[in-house]
Amino acid sequence: MRILMIGGTRFIGRHVVEAARAAGHDVTIFHRGRTGADLFPDVEHRLGDRDSDLSALADGEWDATVDTCAYYPRQVQELADALGDRGGHHVLVSSVSAYAPPDGPGLTEDAPLAELADPTVEEVTNETYGGLKVLCERAAVDRYGPRTLLVRPTYVVGPDDYTWRFPWWVARMARGGEVLAPGPDDAPAQVIDVRDLATWMVDLLEQGASGAFHAVSPEPVFTWRQQLEGIAAAVAPDGTRLTWVDADFVQAAGLPEGTLPLWSGDDPDVWMSAADPAKAYGTGLSPRPLASTVRDTLAWTRTVEQPPDAGLAAEREAELLAAWHARA
């Protein structure tokens, strides 16, 4: 196939490009040239900006288009205007956040979707992200028809994860010692390795699949405790100890949002991390063991510099642990 990648040099798109090339497909990458411009020197690069300049897509024809970075429905509409009928089978990467808050585990692809009170909003927040993804999905189906493929992943993790949400936990466990583990420990938790996601998406294109699919792992209910203990089991040195701390205590500490990445706290949408992967597994999604993802992520963290604002600083963690033990 001839595949057009909208964004293909940073994380999800980068791995989709690698998977598509490994499968023998011809890839064109449309991106801004700000990250990974030196990647894939034997692939056609077209530079532009989906928000201001799509002129690089004025010519060419593809069998499939993979859009990994649409946040607003107008971006979907503008891309469709630029491509016309030259884009082929359309794939939109959405999110499990597209659902209305479920009241338990086992969320399926036909569950109610989130709705925005103001569909014209163009600010991505925790409150608007899911609803905006729904509007992007609807715009894609409206423009590209019922063959549109919608992929709804949970947290995407693995090498090249520039968000440093999962990598921070991996690096922290590898450092060892006493680790602050924020409760509740029985909250559901799911991730998907970016390489498994990418390979499966290419497989779906080869199958000509359409409709919505979850990209989550493992099957629910997998808990936050199991995830953190799984990370520790894969990379933590002997003597590492997880100290579970009540959510109320952590929240009272006034930590900035994201300081403890992936932590659900008192999130009312927590059951979105207990989605049913059966439909995707039936098409070939086959997630690797968590330990494999953890070890490969650790290897990647040792090739790059950790951002200074990633995760909880060691000094602050020690302070909180001391305060927790004193209270107890």
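Helices (H or I, at least four residues) and strands (E, at least two) are DSSP runs numbered from the N terminus. This is a predicted model, in which local features need pLDDT of at least 70, side-chain atom pairs count only at pLDDT 80 or more, and totals for chains, interfaces and linings use all residues. Residues are numbered from 1 along each chain as its sequence is written, and side-chain values use heavy atoms, leaving out hydrogens and water.

The buried residues of helix 4 include Trp-168 and Trp-169. Rings of Phe, Tyr and Trp (its six-membered ring) pair if their centres lie within 6.5 Å; planes under 30 degrees apart count as stacked, over 60 as edge-to-face and the rest as tilted. Just after the helix, Gly-176 has a positive phi of about 80 degrees.

The whole structure holds 6 aromatic pairs. One of them, Trp-164 with Trp-300, is tilted, at 5.5 Å centre to centre and 40 degrees between the planes. Trp-164 is in the loop between strand 7 (155-157) and helix 4, and Trp-300 is in helix 9 (residues 290-301), 136 residues apart.

Next, select Trp-200 and Phe-213, an edge-to-face pair at 6.1 Å and 80 degrees. Trp-200 lies in helix 5 (residues 194-207) and Phe-213 in strand 10 (residues 211-215), so the pair ties together parts 13 residues apart in sequence. Both are buried.

Notes:
Buried means under 20% relative accessible area, exposed over 50%, partly exposed in between (1.4 Å probe, protein chains only).
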